[in-house]
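Thanks for coming, everyone. Please take a look at the model on the screen, and then I will walk you through a few parts of it.

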Amino acid sequence: MGKTVRQAWRATVHLVLAAVMAFCLWIFITVLIITAVATLVVVGAWMLPETVLIVRRIAGAKRSQTAAWTGQRIPEAYQPLTGTLRERIRTAVRDPGTFTDLRWMVADYFYGALLVLALPLWPVGLVVDGVWGGLLRRTPLVLPLIVRLADLEADWSTALLKPSPKAQLAARVEELAATRADAIAAHGAELRRIERDLHDGAQANLVALSMRIGLAKRAYDQDPETARKLLDEAQAQAEQALAELRNVVRGIHPPILTDRGLVGAVRALAASSGLQVTVEVDRLEEDGLRAPAAVEAAAYFVVAEALTNAAKYSGSPRVSVRLERLKRGLRVRVADEGPGGADETGGSGLLGMRRRVAALDGTVEVSSPAGGPTVIDVMLPCVW
């Protein structure tokens, strides 16, 4: 019985907040009328985009209120109100999100008053359910109706505030455009890194190798000992150039991924990291199925970057890595026991990780509260 009363009280609080918002919306009608009249006479057309921004904030508050009850976030899909006054007015009028918010406001004028139905249920419920549920130990009958009213209010708000397919498509196009720009930027940075590594490393070693071989050829007849010494140095230089080339190739696509797969490559990373790394694998090696090469490469670099950051900044010797095969993707989770406080703006590591994952339509969540731990959770969609 106590649990039923607490649930009914929480539902009543939700309905009270909904009723307060509905009452405020009735007052807000005055603002809407003034904006409509001012826009029609042209002189006050500047009020239209400002009013639309206020409506967006009100709708956002309702989304947050509904999400607090249902536990599910309601997405937003608005076109930005930027540019000249004419452009802002055009966007405010044509944005599907504006119609969605106004439709919800009109409906909320009426269903926002469901509190009127909930309040009379309290005295009846306390008596009936007190006897039926408290004394007879039966399932309460009346107070759960208040919870159903709150669920009904939240369901209607969710249905009315959910962006239209057109708005979702527009938001998705903008997201993909931003992701594409990040992918191009990351690709350009990667090409510059490869070019720099080749120029400063392998190319310099190959030039030095060529010079030593030339000197050895000239000294071969007059001074064989010097020529032999130069050839020994040239051999060492060639080995160093090969090592530099291997590092460049490893930075593009680690050969170990092709040879041993993601699990073997990650375990090799863990063994060479200098940290106490535990690797957990969940259903990733079943049926011999592997993720696409691009997904494996992204997961590998996520783990490599996370282990590098842990070694540099966390101060914790222990790190856990979890690779999980999901129905429609791959999940990578890296956690360390450091002091937390990871700052994404302090370097290019996490930003590069986000760009690489975003290029595959994945997501990165970083949790690093003060005092730790730091957890990096990455979702990479793919088909197995």
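Leu149 is buried, because its relative accessible area is 14%, and buried means under 20%, exposed over 50%, partly exposed in between, with a 1.4 Å probe and protein chains only. A word on the source: this is a predicted model, where local features need pLDDT of at least 70, side-chain atom pairs count only at pLDDT 80 or more, and totals for chains, interfaces and linings use all residues. Residues are numbered from 1 along each chain as its sequence is written, and side-chain values use heavy atoms, with hydrogens and water left out.

Back to Leu149. It sits in helix α7, residues 143–161. Helices (H or I, at least four residues) and strands (E, at least two) are DSSP runs, numbered from the N terminus. What is Leu149 in contact with, leaving aside its neighbours within four places in sequence? Leu15, Leu114, Leu117, Ala118 and Leu121. Contact means heavy atoms within 4.5 Å. Ala8 is 141 residues apart from Leu149 along the chain, and their C-alpha atoms are separated by 9.9 Å.

Now the sheet. It is open, has five strands, and runs in the order β1-β2-β3-β5-β4 with mixed pairing. Two strands pair if DSSP finds at least two bridges between them. β1 (276–282) and β4 (363–367) are the edge strands, each pairing on one side only. On average, neighbouring strands are turned by 10 degrees against each other, direction ignored.

Look at β3 (residues 329–336) and β5 (residues 374–381). They run antiparallel, joined by eight bridges. Arg333 stands opposite Asp377 in β5.

Next, the helices on the sheet. α10 lies across β1, β2 (318–326) and β3, at about 170 degrees to β1. α11 lies across β1, β2, β3 and β5, at about 5 degrees to β3. Axes are lines fitted to C-alpha atoms, for helices over the stretch in contact, and angles run from 0 to 180 degrees between N-to-C directions.

How do these two helices meet? The axes of α10 (residues 255–272) and α11 (residues 293–314) come within 10 Å and cross at roughly 20 degrees. So α10 is roughly parallel to α11; angles under 35 degrees count as roughly parallel, over 145 as roughly antiparallel, 65 to 115 as roughly perpendicular and the rest as oblique. Among the residues making the contact are Leu262 and Leu269 of α10, and Tyr300 and Val303 of α11.
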